Amino acid sequence: MHFILISIICSVFVGVALKFAKKSELSTFQIISWNYVFALTSLILFYKPEFKTSCGIETRLIISGLIILLPTIFVFQAKAIHFSGIVKTDIAQRLSLFISICYSLFIAKETFDLYKSIGFLIALIAILLTFYRKENQDIENKKWYFLPLVLIGFGIIDILFKKVAMIGELTFTEILLLVFIGAFVIASLFSLNQIYQKKEHLSIHNMYWGAVVGILNFCNISFYIKAHQALSSNPSTVFIGMNMGVILSGSLIGIFYFKEKLTKLNYLGLTLALISIVFIAYSQIN
């Protein structure tokens, strides 16, 4: 269980680090670029994966999708945290399982039992309530659309990782090596565009924050994998522990430390998000 706890802490503090970085008026794009440098370095030091590119066209397309989506979703996540807060962003990220469920139901034609069906419907209601905003909110909160982009983006990423695992041509660490290298290139292009278009300046502080985010990002993925290995006979424990842990921890930090404001309907959405995850996890046990 300690692997799950460490993964939860790392996942939540990625959001906290991005929140602090934005408040310090640092460059999100440069931080994301440095993040992949340090995540890649950590991966090589701890796992020493082999560099392999000999795989089929389907695997290459999936890896290419991940290379584009991972740095892009980091931008969406940072924007969502800035405009909507950590609480709603963490819920949106964790409710991305709704996208995976839709894929399983409508494309993979998976058969849903009663508990998973109930969880699916509750998750839909939770999404609507979590994203609810008052009409008289200030202009910043008109950027609410980053929340559904986070939900959709993480959902697609989850599906792509699952498809790679099913194909099994490369190990997970070999896939991450290729993805981190490609994501760094894409993120660097984003950064160069910001430097050229927005006249941003290179700053050593961006590298420091990128190191924090990159190490946390790597540890989140690494300990999540270790949790699945340690509890291979009971993956639902990892699933429910991770999702509920991140939502609860992120909500507590957002509400009590950053003083984020939520409506009663938002709180109801938070509660329903946790209930939906319990139903979906329970369906995996039975």
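Visitor: Is Tyr115 buried, partly exposed or exposed?
Guide: In this predicted model, the relative accessible area of Tyr115 comes to 34%.

Visitor: How many aromatic pairs does a search of the whole structure find?
Guide: Two rings are taken as a pair if their centres lie within 6.5 Å. With the whole structure searched, the number of aromatic pairs found is 16.

Visitor: What is the geometry of the pair formed by the rings of Phe20 and Tyr257?
Guide: The ring centres of Phe20 and Tyr257 are 6.1 Å apart, and their planes stand at 65 degrees. Since planes over 60 degrees apart count as edge-to-face, the pair of Phe20 and Tyr257 is edge-to-face.

Visitor: How many residues apart are Phe20 and Tyr257, whose pair links distant parts of the chain?
Guide: Phe20 belongs to helix 1 (residues 2-23), while Tyr257 belongs to helix 10 (residues 235-257). The separation between Phe20 and Tyr257 is therefore one of 237 residues.

Visitor: Which helix holds Tyr282, the partner of Tyr115?
Guide: The rings of Tyr115 and Tyr282 have centres 4.8 Å apart and planes at 80 degrees, so this pair is edge-to-face. Tyr115 lies in helix 6 (residues 114-130), and the pair ties together parts 167 residues apart in sequence, because Tyr282 lies in helix 11 (residues 264-285).

Visitor: Over the ring of which residue does the charged end of Lys19 sit?
Guide: The charged end of Lys19 is placed 5.4 Å from the centre of the ring in question. That ring belongs to Phe258.

Notes: Residues numbered from 1 in each chain as written. Predicted model: local features only at pLDDT ≥ 70, side-chain atom pairs only at ≥ 80, totals over all residues. Heavy atoms only, no water. Phe/Tyr/Trp six-rings, centres within 6.5 Å; stacked < 30°, edge-to-face > 60°. Helix = DSSP H or I, 4+ residues; strand = E, 2+ residues; numbered from the N terminus. Buried < 20%, exposed > 50% of the residue type's maximum accessible area, 1.4 Å probe, protein only. Lys NZ or Arg CZ within 6 Å of the ring centre and 35° of its normal.
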